[in-house]
Amino acid sequence: MVTKKVTKPVTRSRARDVVPARPARTRAHSLAPAHLGEAASAAVLAVSVLGLAIFIVGVAMAVSGLTLGSRFGSEPPPNVGELGVGQVVGGLGLAVLGLVLSGSSLAVLAEVPRSRPLAAAVSALAAVLAVAGAVLVQLRPGNEVVLTAALAVAAVILAAAAFVLVRPRR
């Protein structure tokens with residue numbers, strides 16, 4: 001004798017147990033790290049690129065200050081050794097700032113603890129310095145529009161990156 005097996009109808013609560021839930025999607029882009037998201041990863045990329053550019057400018061400025069005496073030809077002024085000191089010190093300062101910007105953004109990518117607020121603070125400091133540099137360039141005689149525009153764009157990008165990095169994670 002064959003008997004039929006009696007089954008209960010599948011309820012919605014049992015259907016959820018049977019069908020695995022689709023995992024929530026945490027990011028929309030495959031290149032954005034999961035712990036950052038799209039906006040923060042774009043901010044980190046912008047800070048690291050600007051940090052590298054600032055480092056290159058700092059090294060070029062320091063080298064220009066070191067080789068200032070060779071530009072005068074056969075009769076350099078008597079204080080030629082003192083003329084390039086400001087360029088060398090400023091160039092080394094910019095090089096250090098560029099390394100700190102790039103390093104802090106790479107630390108955020110590597111998920112170093114408490115690196116995100118540090119990267120935001122360094123970006124905000126660099127933005128303030130860029131604004132101060134743009135104001136100082138405009139106060140000098142001889143209107144250098146390209147340098148002022150570059151400093152203003154860098155200030156806006158760094159300030160936006162600092163704002164995005166300060167926001168809490170979602």
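Predicted model: local features only at pLDDT ≥ 70, side-chain atom pairs only at ≥ 80, totals over all residues.
**Entry 1: the salt bridge**

I looked up the pair glutamate 144 and arginine 140 and found that their side chains meet in a salt bridge, 2.7 Å from N to O. The term means a side-chain nitrogen of Lys or Arg within 4 Å of a carboxyl oxygen of Asp or Glu. Side chains of opposite charge can pair when their charged atoms come close. How many salt bridges does a search of the whole structure find? It finds one.

Glutamate 144 is partly exposed at 31% relative accessible area, and arginine 140 is partly exposed at 44%. My classes are buried for under 20% relative accessible area, exposed for over 50% and partly exposed in between, with a 1.4 Å probe and protein chains only.

Residues are numbered from 1 along each chain as its sequence is written, and side-chain values use heavy atoms, with hydrogens and water left out.

**Entry 2: the overall fold**

I went through the secondary structure and got six helices and zero strands. Along the sequence the pattern reads α-α-α-α-α-α. Helices (H or I, at least four residues) and strands (E, at least two) are DSSP runs, numbered from the N terminus. Of the 170 residues in the protein, 29% are buried.

**Entry 3: the largest pocket**

Next I looked for empty space. Rolling a probe the size of a water molecule over the atoms shows where empty space is left. The largest pocket holds about 650 Å³. A pocket here is an open set of points on a 1 Å grid over the protein atoms alone, where a 1.4 Å probe fits, with protein on both sides within 12 Å along at least five of seven lines; lining residues have an atom within 4 Å of a point. Grid points are joined across faces, edges and corners, and the volume is the space filled by probe spheres set on the points.

I find 20 residues in the lining, with Leu94, Leu129, Ala130, Gly133 and Leu151 nearest the centre. Helices H2 (38–66), H4 (85–109), H5 (115–139) and H6 (145–166) each give two or more residues to this lining. Which helix gives the largest share of the lining? H5 does, with seven residues.

By type, the lining has 17 nonpolar residues, two polar and one charged. Ala, Val, Leu, Ile, Met, Phe, Trp, Tyr, Cys and Pro count as nonpolar, Asp, Glu, Lys and Arg as charged, and the others, Gly among them, as polar.

I followed up on leucine 94. Leucine 94 lies in helix H4 and is partly exposed at 29%. Leucine 94 and isoleucine 54 are 40 residues apart in sequence, yet 6.2 Å apart in space, C-alpha to C-alpha.

**Entry 4: the loop between H4 and H5**

I checked phi here. Glutamate 111 sits in the loop between H4 and H5, and its phi is near 60°, a positive value in a residue other than glycine. Arginine 114 is in the loop between H4 and H5, with phi near 60°. Buried or exposed? Glutamate 111 is exposed at 53%, and arginine 114 is exposed at 73%.
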